[in-house]
Amino acid sequence: MEKIVSHFETLRLFGRLALRKGKKGERLSAGELDVLFLIALGITPQTPGMLSADMGASKTIVSRFTDSLCKKELIQKQFDQIDGRSYSLALTEKGNRELI
């Protein structure tokens, strides 16, 4: 399992440097790719606060990335049933295809 995680981390770092184009010609930024990889590699559902800590970025920056990725339908918010203000992030099928 450690080897797999290590390989995914290597891919994640590579993905941050790669230029990717979406179907509409929109490029994903390195930060957006980082968010996608972190969500995909997460053992537990990722919250914006967790992403902020993992990326070493402010919550404002992470919020911009997640809002952009939601608009592109690559991730979706899954709201907490108890606290409707809290949510985690999950890849959509389109988001999974983007990483393949």
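These exercises walk through a predicted model of a protein, each with a worked solution.

Residues are numbered from 1 along each chain as its sequence is written. Local features need pLDDT of at least 70 and side-chain atom pairs count only at pLDDT 80 or more, while totals for chains, interfaces and linings use all residues; side-chain values use heavy atoms, with hydrogens and water left out.

**Exercise 1. List the elements of the protein in order.**

Step 1. Use the rule: helices (H or I, at least four residues) and strands (E, at least two) are DSSP runs, numbered from the N terminus.
Step 2. Count them. The protein has five helices and four strands.
Step 3. The order is α-β-β-α-α-α-β-β-α.

**Exercise 2. Find what share of the protein is buried.**

Step 1. Set the cut-offs. Buried means under 20% relative accessible area, exposed over 50%, and partly exposed in between (1.4 Å probe, protein chains only).
Step 2. Apply them. Of the 100 residues, 36% count as buried.

**Exercise 3. Describe how H3 packs on H4.**

Step 1. Axes are lines fitted to C-alpha atoms, for helices over the stretch in contact, and angles run from 0 to 180 degrees between N-to-C directions.
Step 2. Locate the helices. H3 spans residues 48-55 and H4 spans residues 59-71. They pack at about 115 degrees, with axes 9 Å apart.
Step 3. Class the angle. Under 35 degrees counts as roughly parallel, over 145 as roughly antiparallel, 65 to 115 as roughly perpendicular, and the rest as oblique. H3 and H4 are therefore roughly perpendicular.
Step 4. Name the residues in contact (heavy atoms within 4.5 Å). H3 gives Pro48, Gly49, Leu51, Ser52 and Met55; H4 gives Lys59, Val62, Phe65 and Thr66.
Step 5. Sort them. Ala, Val, Leu, Ile, Met, Phe, Trp, Tyr, Cys and Pro count as nonpolar, Asp, Glu, Lys and Arg as charged, and the others, Gly among them, as polar. The contact of H3 with H4 has five nonpolar, three polar and one charged.

**Exercise 4. Work out the surroundings of Leu89.**

Step 1. Find the element. Leu89 lies in strand S4, residues 87-91.
Step 2. Leu89 counts as buried because its relative accessibility is 3%.
Step 3. Leave aside neighbours within four places in sequence. Leu89 then contacts Ile39, Gln46, Pro48, Leu51, Thr66, Ile75, Gln76 and Lys77.
Step 4. Take Thr66. Leu89 and Thr66 are 23 residues apart in sequence and 8.4 Å apart in space, C-alpha to C-alpha.
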